Amino acid sequence: MSGGDRSKKKTPRTQGWEEAGAEFYQESYPSTDTDFDVLQRDPRHLTTLLPSKQNRAVAATIKRIRGDTKTFGRHTHTTLRSRRGSTTNRRASTTADIQVSMLPDLSENLSNEQRTWEEIMQIKALPISMAQKKEMKAKLQSEPNLRLQGFEQLKWKRRKMWKKFRISIKESYSKLELWKGDLKKIEGNCGTGVVAYFLFIKWLLFLNFSIFSLVFLFVILPSIIFKNVEQCDDCCSSVYFNQTTDSNIVLDLVQGTGRMERTILFYGVYSNETFSYKVNGATLYYDLPLAYISVTVIYFLLSLFAIVKSAAKGFKERLVEGEGQFYQYCNLIFGGWDFCIQNEKTANMKHNAIFHEIKGFLEVERREEERQNRTQQERTKLFVVRLLVNVIVIVVLAASAAAIYFVFDYSTKQVANTLKDALFSSSFEMLFYEFLPSLSIVFLNVIVPFVFAFLVNLEKYSPLNVIRITLVRTVFLRLSSLCVLYASLYIKVACDVENINSCVSADCATCWESFVGQQIYKLVLTDFATHAILTFLVNFPRALIARNCTNKAAKFLGSQDFELPKHVLDVIYSQTLCWLGCFYSPLLPAIATLVCFLMFYIKKFACLINSTPSVTIYRASRSNSMFMIVLLISYIFAVLPIAYGIGELLPSESCGPFRALPTVWSYIVNIFGTSPMWLQSILFFVSTAGFAVPAFVVLTLLVYYYWAVNSANRHMVTVLKNQLVLEGHDKQFLLDRLSMFIKQQQESQKRLRHAEMMKDGERIVSSN
């Protein structure tokens with residue numbers, strides 16, 4: 001295929017706009033002296049020569065001709081004279097349409113106080129100096145404008161007051177914003193992609209705080225206020241609550257056993273009663289089991305809504321970013337500066353942030369060019385290497401899952417033997433075996449990602465694909481380890497009662513829900529402690545060695561990059577543990593909120609002190625959407641075992657708000673059975689095909705409607721881009737005419753001066 005044929009290929013969607021934007025400035029337009037003579041007599045004639053006006057005139061003419069052709073077909077019986085008259089009228093109408101299409105829209109020039117105020121608000125967002133903003137504002141306020149009357153003025157004033165209120169709230173929030181200075185410092189040193197990670201930690205902190213607020217207000221606080229004492233002496237609950245707890249308080253705090261197990265931290269202490277209280281003589285009831293399950297459903301739905309909303313926002317940013325690279329550089333260079341910066345330190349940080357953004361764009365382009373220049377032999381070799389690497393990754397994941405299963409089984413047996421031989425075993429040995437599954441999971445989560453990072457370098461992916469593949473593999477590692485842990489816990493806790501008079505079977509825990517909560521609680525503490533120890537006691541000395549030693553081996557061992565995928569998985573793993581354990585440990589969201597708060601400073605220390613800026617540049621919009629996709633996968637993984645436990649597993653007989661029930665969900669079924677008949681009828685109708693089929697049809701129509709709106713918006717974007725191209729043609733046309741007009745004026749002035757000189761010469765000769 002020749003080079004000319006290649007040039008005729010259809011260009012990608014993201015490149016056509018840049019090519020159009022570069023080409024229309026290269027066109028030239030013919031001009032004659034006759035045009036300048038006409039312009040001198042009537043300067044308004046210049047507007048009729050603009051390309052955009054001519055384009056609209058041609059379009060109007062074609063449209064009119066098509067309409068007239070249809071009219072001519074319907075009136076074939078008319079006479080020649082009428083046809084001539086019709087032709088004359090059509091020409092006159094076409095001329096009138098052309099003139100109307102070329103007339104300016106005078107309504108655009110009309111201004112009122114509402115439009116003036118909106119323009120003043122838009123001036124605030126312009127990337128210009130404050131002096132220019134004040135000048136533009138004064139100019140707008142000095143111009144005469146129309147005042148609104150009646151209801152229009154009332155609506156405008158209400159909208160104006162609401163917008164001012166929102167602006168004041170945003171300004172107040174920005175002054176109280178958490179970690180504002182730290183985020184600016186991180187952005188200046190590492191770029192917007194890394195600061196998006198710290199914003200993600202901040203987002204998770206507020207999410208966990210919202211979950212904790214719901215649990216505290218509707219579950220924990222009522223349990224504290226209406227705390228009751230078990231009355232029966234021979235029921236299963238008394239067996240559980242009267243167990244002796246002679247143990248070390250420090251070990252209880254770390255393991256969640258002993259005295260800690262009887263606190264509001266775990267599921268077992270919450271009552272299964274409906275509390276009653278009187279307000280102004282009226283008796284009111286508070287159903288704690290119903291509140292417990294309702295709050296669980298609400299905060300999972302709240303988490304899903306927050307994730308989807310943030311992911312949609314990141315998807316919109318990626319769509320805008322994917323329109324092409326032409327205007328990204330322009331926006332970054334000409335519109336990326338913050339004119340509110342006043343000190344030199346902040347200005348240097350902003351310079352570094354813009355530098356890292358440009359560096360990221362250039363790195364992506366370099367990798368793409370390298371990928372396109374590969375030969376067939378290099379592609380085949382790369383395919384074989386990637387296949388082998390994926391096989392090794394699968395083997396590593398399987399080996400990790402098997403190791404966790406055998407470690408959990410071994411530690412469970414050792415804990416049982418230690419309890420039997422309590423006289424000959426120490427508490428620290430017991431502590432070691434209790435934490436052995438958590439330590440093994442954390443150890444694999446620390447070591448295996450280094451293996452994945454080494455393997456992914458052999459596959460020669462682009463920076464974005466490196467992040468995605470590393471994230472997927474590490475997600476599979478962490479989620480598979482939790483899957484194995486959950487399966488092992490299920491084997492231990494899924495046991496039925498032996499008979500109706502026994503509380504538990506011989507091999508089951510007295511309160512298996514609290515036991516599961518203890519395992520998740522220990523995992524959270526172990527994971528957080530591991531991050532703190534690695535950051536301050538391992539990586540910080542390595543960073544000091546790399547800075548102060550000139551030896552190459554020391555620099556190699558001490559140098560550290562801030563690998564964003566690894567740190568993202570750290571916080572997502574902690575959030576997954578929070579979702580997994582919040583049903584069995586209601587105070588776990590509060591612990592997760594504290595962990596997120598401390599994790600911000602730990603990761604900040606790792607980013608600014610321990611690590612050097614990463615060679616891979618991360619962009620903010622793609623990083624944020626990537627975080628949310630991985631978090632959504634972890635959310636689905638966390639919801640499934642919780643839903644299975646609520647719907648299928650037998651609750652403990654001795655503890656919790658759902659004791660003596662076949663399943664947790666059966667309580668909702670019982671509540672539904674006591675509800676009014678009209679509510680039951682509505683819910684039964686919702687579950688029938690008579691509701692499902694129309695709902696499906698309506699949803700299908702809504703999807704089609706939004707698809708049509710989206711298509712129309714895409715078409716409008718194309719039209720606006722073409723309009724911008726025509727505006728560029730107009731500018732180039734006016735510049736060409738202006739330059740030629742100036743040249744003509746200069747030539748005419750030269751001719752006049754030459755003629756005056758000739759007259760002066762003739763006058764001098766004649767006088768002599």
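View 1. What we're looking at is a predicted model, where local features need pLDDT of at least 70, side-chain atom pairs count only at pLDDT 80 or more, and totals for chains, interfaces and linings use all residues. Residues are numbered from 1 along each chain as its sequence is written, and side-chain values use heavy atoms, with hydrogens and water left out. Take residues 290–308: the span is 100% helix and 0% strand, with its end C-alpha atoms 27 Å apart. Residues 383–408 are also 100% helix and 0% strand, and there the end C-alpha atoms lie 38 Å apart. Helices (H or I, at least four residues) and strands (E, at least two) are DSSP runs, numbered from the N terminus.

**View 2. The disulfide between Cys-511 and Cys-655.** The torsion about their S-S bond is about 90°, so the disulfide is right-handed. It ties together distant parts of the chain, 144 residues apart: Cys-511 is in the loop between helix 19 (463–493) and helix 20 (512–548), Cys-655 in the loop between helix 24 (620–647) and helix 25 (665–673). Cys-511 is buried at 3% relative accessibility, and Cys-655 is buried at 0% (buried is under 20% relative accessible area, exposed over 50%, partly exposed in between; 1.4 Å probe, protein chains only).

View 3. The whole structure holds 30 aromatic pairs. Rings of Phe, Tyr and Trp (its six-membered ring) pair if their centres lie within 6.5 Å; planes under 30 degrees apart are stacked, over 60 edge-to-face, the rest tilted. Phe-600 is buried at 0% relative accessibility, while Tyr-601 is partly exposed at 36%.

**View 4. The hairpin of strand 1 and strand 2.** Strand 1 (residues 274–279) and strand 2 (residues 282–287) run antiparallel over six bridges; strands pair if DSSP finds at least two bridges between them. Two residues separate the strands, and Asn-280 in the turn has a positive phi of about 55°. Val-279 stands opposite Ala-282.

Definitions and conventions
A disulfide is a pair of cysteine sulfur atoms within 2.5 Å.
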